[in-house]
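Please look through the sequence and the model first, then read the points below by topic.

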Amino acid sequence: MGGKAILIVVISFSLMFTVVKYNSSNTSSNAAERLASYYIKTNAHNIAASAANIAANELFRDPNWSGFSQDTLYMNGGYAVISVSKPANAKAKFDAKAVYKFFYAGEEFSEESRVNFVLNATNYSRFGYYTNVWGSGYLVTGDTIDGPFHTQTKLNTLGSPVFLGKVTTKQGINMVGNKYGFGPANPEFKGGYETPVDVPFTLNTSALLGVASTGGRVFQHPSGSNLDVRLHFNADETVEWSTRKTGTSSWSTPIVADLDTFTTNGVIWNKKGNLYLSGTVNGKYTVGTAKGGGSTGYVYLEDDIVYRKDPLKFVNGGTTITNPDCEDMLGIIAEKQVVVKDNAANRDDINIHAALFNYDGGITVEGISSSKPNMGTMRIHGSLIENSAQTTGYTNGAGYHQVIKYDKRYRNSTPPSFPATTSYEIVSWFE
Amino acid sequence: MGFSSLLDIIGSTMVGGIILIILFRMNDSAVENHYLNSGELIVQTNLISVVELLEYDLRKIGYCSNWEGAPVPGEALLSATDTSISFLTDVPTDTKPFGDGIIDTLKYWTGSPLEEDVLKTPNPNDRMLFRQVNGEPPLYSNMGITQFKIVYFDALGNEIPLYTLIANASAKQPLGIITMQIDITVENTASYGDLADEENEVYSKDKSAFWRQIRLAAPSLNNR
């Protein structure tokens with residue numbers, strides 16, 4: 001009898017242990033499956049991210065690239081399909097959809113992941129400071145560059161200058177330290193650093209002439225000679241303009257025009273000659289001049305050229321934020337360069353609110369030399385694009401002390417028809 | 001019923017008793033193993049859930065579905081410490097999985113192991129993980145996190161000292177963070193055994209799971 005009872009007990013416990021063992025095994029395998037599911041999702045995500053990077057790279061190499069002839073990329077046990085669409089507000093929108101396939105218990109399963117990115121043409125105005133040729137000078141400890149920075153040559157730093165925006169160079173960076181008392185080589189890239197990045201410096205004056213001819217305003221001398229144009233912007237959305245043949249001294253009688261009708265698309269272009277600017281801008285405009293040989297292609301600043309309201313708001317510690325009340329925007333394009341006139345109005349500071357494009361030089365001061373008087377501060381609130389840096393002041397105080405602050409609105413918005421390269425940049429990335 | 005039958009009964013009772021003792025010990029062992037396995041499952045599940053959530057959100061620092069409304073990349077990170085991070089992003093909604101095009105502020109941080117809610121659990125080291133969108137009340141959950149540490153790196157791959165980050169955040173200067181390393185340790189919030197029994201320490205590291213993301217980069221933090 002006792003033996004039978006024990007047998008029943010043993011059988012009962014065996015059954016119980018079988019159930020417990022089954023549950024215990026399930027629990028263990030569930031823990032492993034949880035990790036496996038993370039691995040599978042990560043793998044699918046990596047395939048999508050890789051495909052998106054491959055597509056972006058193809059576009060950087062060839063802006064006209066529109067996808068693979070067979071738009072399926074196989075990698076790491078899965079595949080990715082890249083699709084392209086072109087919405088109105090961007091040049092191209094890419095969607096990399098990845099499918100990672102795996103087998104479990106003899107069955108095939110798949111996991112999907114997506115990476116989306118948007119590309120837009122690289123517009124020069126979005127740089128806080130673009131210089132085609134950096135030269136042999138250094139940015140040193142105490143220098144702060146506001147906004148994105150790019151150079152097509154090698155950048156030299158000495159000590160620890162600070163870059164608040166992203167820095168890109170085509171030829172790398174030469175970081176020098178412990179020289180002239182500037183401390184160790186430790187430049188601070190607050191917005192990131194990337195090299196090599198190629199953003200060629202080009203200016204298509206024919207395209208600008210075309211835009212100004214169809215809805216904008218074109219100035220040209222009837223005889224085909226070089227023409228000087230003087231524009232004084234008024235805060236009431238009018239412009240006072242006059243002209244003269246380049247090389248002569250007398251200006252035509254100024255005419256006041258309503259900017260709405262003067263240029264409907266906001267572009268004002270001098271076909272060849274020089275441009276003289278001043279005033280208070282109300283609206284969004286791009287003004288510029290092409291060169292016609294000799295001393296032409298210059299934009300001369302005769303006085304402050306500012307928006308109705310400063311685009312920057314200053315907060316604590318010298319930090320600036322975008323002024324939401326400022327809706328005006330100006331692009332100034334000089335096929336030669338922008339020059340601050342040496343006149344009475346400019347000898348006590350000059351304020352410039354604009355994106356300045358100097359194709360054959362950089363912003364400078366008329367007749368600048370170390371024997372010039374101290375002219376105060378040159379404040380540029382906007383962005384500075386130039387072929388190479390020019391002198392605007394000397395350490396003995398002659399000329400200007402220059403302060404350049406980036407207008408962050410230029411990052412996602414541009415003055416009308418402001419020059420852009422034919423290459424793309426990534427403006428949005430979702431993964 | 002003779003003497004031999006009596007011996008049979010006594011013998012079988014003894015054998016049965018021994019077998020019962022063995023079975024009881026096996027039962028005890030099975031229950032313990034099952035508990036530990038369940039605990040491991042909870043730890044693994046919690047860890048993966050936390051990691052998936054963090055990776056999903058942190059990869060979108062500076063992202064906005066309407067790119068013209070995206071924040072300045074270098075300024076998308078608002079504040080950062082080794083146990084908290086606050087940044088601008090476009091949080092997806094139920095109807096818009098890519099975001100609604102309006103920038104949100106997202107903040108993660110861990111609480112103290114001495115908070116009332118976590119003191120109720122047997123584990124003395126666990127702490128809450130908080131997630132707050134804009135000014136809404138923070139959502140939190142006790143996932144058994146005992147370590148949540150973020151290390152930040154600049155564009156050249158150098159570690160950024162914490163005091164620099166805090167100083168820059170208070171001055172509203174870009175923090176210069178390009179990549180980050182995230183360390184997370186998750187332990188079981190419950191326990192098996194006696195906490196007072198030092199020889200049977202139940203909160204040792206073999207009952208926890210550790211995960212490290214070596215270099216997490218948010219593409220939108222650095223894309224222009």
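Glu366(A) is partly exposed, because its relative accessible area is 28%. In this predicted model, the side chain of Glu366(A) meets that of Lys341(A) in a salt bridge, with 3.0 Å from N to O. Glu366(A) sits in the loop between β28 (364-365) and β29 (374-388) of chain A and Lys341(A) in the loop between β26 (337-340) and β27 of chain A, so the pair ties together parts that are 25 residues apart in sequence.

**Other salt bridges**

- Over all chains, the structure holds 26 salt bridges.
- One of them joins Glu425(A) to Arg126(A), and the closest N and O atoms are 2.7 Å apart.
- Glu425(A) belongs to strand β31 of chain A and Arg126(A) to the loop between β4 (107-123) and β5 (129-133) of chain A, so this pair ties together parts that are 299 residues apart in sequence.
- Glu425(A) and Arg126(A) are both buried.
- Asp328(A) and Arg308(A) also meet through their side chains in a salt bridge, at 2.9 Å from N to O.
- Asp328(A) is in the loop between β24 (320-322) and β25 (329-334) of chain A, and Arg308(A) is in the loop between β22 (298-307) and β23 (312-314) of chain A, so the bridge ties together parts that are 20 residues apart in sequence.
- Asp328(A) counts as buried because its relative accessibility is 2%, whereas Arg308(A), with a relative accessible area of 43%, is partly exposed.
- Side chains of opposite charge can pair when their charged atoms come close.

**Where chain B meets chain A**

- The contact is made by 48 residues from chain A and 54 residues from chain B.
- About 4,600 Å² is buried between the two chains, and carbon and sulfur atoms give 60% of that area.
- Four salt bridges are counted between chain B and chain A.
- In one salt bridge, the side chain of Glu52(B) meets that of Arg34(A) at 3.8 Å, N to O.
- Arg34(A), Lys41(A) and Glu52(B) are joined into one network by salt bridges that share partners.
- Nine residue pairs are in polar contact across the interface.
- On the side of chain B that touches chain A, α1 (3-58) and α3 (162-170) of chain B each supply at least two residues.
- The largest share of that side comes from α1(B), with 21 residues.
- By class, that side of chain B has 28 nonpolar, 18 polar and eight charged residues.

**Nonpolar cores**

- The largest nonpolar core has 69 residues, of which Leu231(A), Phe233(A), Leu301(A), Ile332(A) and Ile352(A) touch the most other members.
- Strand β27 (residues 350-358) of chain A gives the most to this core, namely six residues.
- Leaving out residues up to four places away in sequence, the residues that Ile332(A) touches include Leu277(A), Val299(A), Leu301(A), Phe357(A) and Phe418(A).
- A second, separate core has 37 residues, among them Val50(B), Tyr108(B), Leu165(B) and Val186(B).

**Around Thr421(A)**

- Thr421(A) lies in strand β31 (residues 420-430) of chain A.
- Its relative accessibility is 7%, so Thr421(A) counts as buried.
- The side chains of Thr421(A) and Ser423(A) are joined by a polar contact of 2.9 Å.
- Apart from residues up to four places away in sequence, Thr421(A) touches Ala121(A), Thr122(A), Tyr124(A), Val199(A) and Pro200(A).

**The ends of α2(A)**

- Where helix α2 (residues 205-213) of chain A starts, a side-chain oxygen of Asn204(A) comes to within 3.2 Å of the backbone nitrogen of Ser206(A).

Conventions
Residues are numbered from 1 along each chain as its sequence is written. Chains are lettered from A and ligands numbered from 1 in the order in which they are written. This is a predicted model: local features need pLDDT of at least 70, side-chain atom pairs count only at pLDDT 80 or more; totals for chains, interfaces and linings use all residues. Side-chain values use heavy atoms; hydrogens and water are left out. Contact means heavy atoms within 4.5 Å. Buried area is the accessible area (1.4 Å probe) that two parts lose on being put together, summed over both. A polar contact is a pair of N or O atoms within 3.5 Å; within protein, one must be able to donate a hydrogen and the other to accept it, and residues adjacent in sequence count only if both atoms are side-chain atoms. Helices (H or I, at least four residues) and strands (E, at least two) are DSSP runs, numbered from the N terminus. Ala, Val, Leu, Ile, Met, Phe, Trp, Tyr, Cys and Pro count as nonpolar, Asp, Glu, Lys and Arg as charged, and the others, Gly among them, as polar. A nonpolar core is a set of buried Ala, Val, Leu, Ile, Met, Phe, Trp, Tyr and Cys residues joined through side-chain atoms within 4.5 Å. Buried means under 20% relative accessible area, exposed over 50%, partly exposed in between (1.4 Å probe, protein chains only).
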